[in-house]
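Here is a short report on selected residues and their surroundings. Please keep the structure open while reading.

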Amino acid sequence: MGQDFATLAPTCRFATSQSEGDLLCHCAQVPESVVQQAVTEDGVDNLAGIIKATEAGSGCTACHCRINRVLQGLPAKCGGRFDLCHGCGCISAICVCEAA
């Protein structure tokens with residue numbers, strides 16, 4: 001209980017191994033800010049355009065929901081069960097650590 005969650009090692013294969021900041025697409029290593037810039041400054045208005053402009057969403061497609069949120073003017077993360085656990089870095093839906 002007294003452990004600092006930021007120093008815990010990831011506990012599942014879906015966990016991040018290091019702090020990845022605001023990465024929206026882990027496959028292509030594209031931060032949310034790059035996708036937001038494509039929308040606000042470059043006028044990209046659809047998922048295919050984001051993939052072409054930034055390569056975000058071109059891998060496993062798990063980030064498509066986050067890309068669509070940015071396209072709608074919302075923050076990429078929704079706080080749902082598929083966000084990463086703040087305790088271990090695993091996807092919350094399958095996390096079994098005490099922080100979940």
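The sections below cover an arginine, a pair of cysteines and a glutamine.

## Basis

The model is predicted.

## R66 in helix 3

R66 belongs to helix 3, which spans residues 64-71. Its relative accessibility is 16%, so R66 counts as buried, the cut-off being under 20%.

The R66 side chain makes a polar contact: it reaches the backbone oxygen of L24 at 3.0 Å. Leaving out residues up to four places away in sequence, R66 touches L24, H26 and A76.

## C25 and C63

How many disulfides does the structure hold? The number is zero. For C25, the nearest cysteine sulfur is that of C63, 3.9 Å away. For C63, in turn, the nearest cysteine sulfur is that of C25. A disulfide needs the two sulfur atoms within 2.5 Å, so at 3.9 Å C25 is in no disulfide. C63 is in no disulfide either.

Are these cysteines buried or exposed? C25 has 1% relative accessibility and counts as buried. C63, at 4%, also counts as buried.

## Q29 in the loop

Q29 sits in the loop between strand 1 (23-25) and strand 2 (30-31). Its relative accessible area is 47%, so Q29 is partly exposed.

A polar atom of the Q29 side chain lies 2.7 Å from the backbone oxygen of H26. H26 is also one of the residues that R66 touches. Q29 and E55 are 26 residues apart in sequence. In space, the C-alpha to C-alpha distance between Q29 and E55 is 9.0 Å.

Conventions
Residues are numbered from 1 along each chain as its sequence is written. This is a predicted model: local features need pLDDT of at least 70, side-chain atom pairs count only at pLDDT 80 or more; totals for chains, interfaces and linings use all residues. Side-chain values use heavy atoms; hydrogens and water are left out. Helices (H or I, at least four residues) and strands (E, at least two) are DSSP runs, numbered from the N terminus. Buried means under 20% relative accessible area, exposed over 50%, partly exposed in between (1.4 Å probe, protein chains only). A polar contact is a pair of N or O atoms within 3.5 Å; within protein, one must be able to donate a hydrogen and the other to accept it, and residues adjacent in sequence count only if both atoms are side-chain atoms. Contact means heavy atoms within 4.5 Å.
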